[in-house]
Amino acid sequence: MARILIVDTQTDLRHALVRLLEQAGHSTTAVATVAEAAGILVVDVPDLATDVVLTDGSSTSLVKQAQTAGAKTLMMTGSPDRIVEFDGSGQPYLSKPFPPEAFLQRVEQILATG
């Protein structure tokens, strides 16, 4: 079981991902902003799944903060430009929209790595 922080501005998606991860046995926290996520990362170091486009700050900085703290990360994006940027970068990502099974499979793959 992992502790996973979900950061996404889309309320429905956040709730769906929480249900999916909790059904798979994971503990989750879900927030909508970089500020909320950064506050959690200062106190706790859960693994992280975050949308690329957030309204109050840089998801890239958030991912760097999480990785520096030892978290495994997954970026979620609907932007074709960002997909090109992530290809070959070593940063795990998932292209929106995605089926729930694909999200869960990707999270499990990331958690299983060293």
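Student: Which side chain meets that of Lys96 in a salt bridge at 2.7 Å, N to O?

Tutor: This is a predicted model, in which local features need pLDDT of at least 70 and side-chain atom pairs count only at pLDDT 80 or more, while totals for chains, interfaces and linings use all residues. Residues are numbered from 1 along each chain as its sequence is written, and side-chain values use heavy atoms, with hydrogens and water left out.

The side chain of Lys96 meets that of Asp8 in a salt bridge (2.7 Å, N to O), a term that stands for a side-chain nitrogen of Lys or Arg within 4 Å of a carboxyl oxygen of Asp or Glu. Lys96 lies in the loop between strand E5 (93-95) and helix H5 (100-112), and Asp8 in the loop between E1 and helix H1 (11-23), so the pair ties together parts that are 88 residues apart in sequence; helices (H or I, at least four residues) and strands (E, at least two) are DSSP runs, numbered from the N terminus. Both Lys96 and Asp8 are buried, where buried means under 20% relative accessible area, exposed over 50%, and partly exposed in between (1.4 Å probe, protein chains only).

Lys96 also forms a salt bridge with Asp51, with the closest N and O atoms 3.2 Å apart. Because Asp51 lies in strand E3 and Lys96 in the loop between E5 and H5, this pair ties together parts that are 45 residues apart in sequence.

A search of the whole structure finds three salt bridges, among them one in which the side chains of Asp44 and Arg3 meet at 2.6 Å, N to O. Here Asp44 lies in the loop between helix H2 (34-43) and strand E3 (47-51) and Arg3 in strand E1 (residues 3-7), so the pair ties together parts that are 41 residues apart in sequence. Asp44 counts as partly exposed at 30% relative accessibility, and Arg3 counts as partly exposed at 40%.

As for the surrounding strands, an open sheet of five has the order E2-E1-E3-E4-E5, with parallel pairing, two strands being paired if DSSP finds at least two bridges between them. Strand E2 (27-31) and E5 stand at the edges, each with a single partner strand, so one side of each is left without a neighbour in the sheet. For E5, three bridges join it in parallel to strand E4 (residues 73-77), and Met75 stands opposite Tyr93 in E5.
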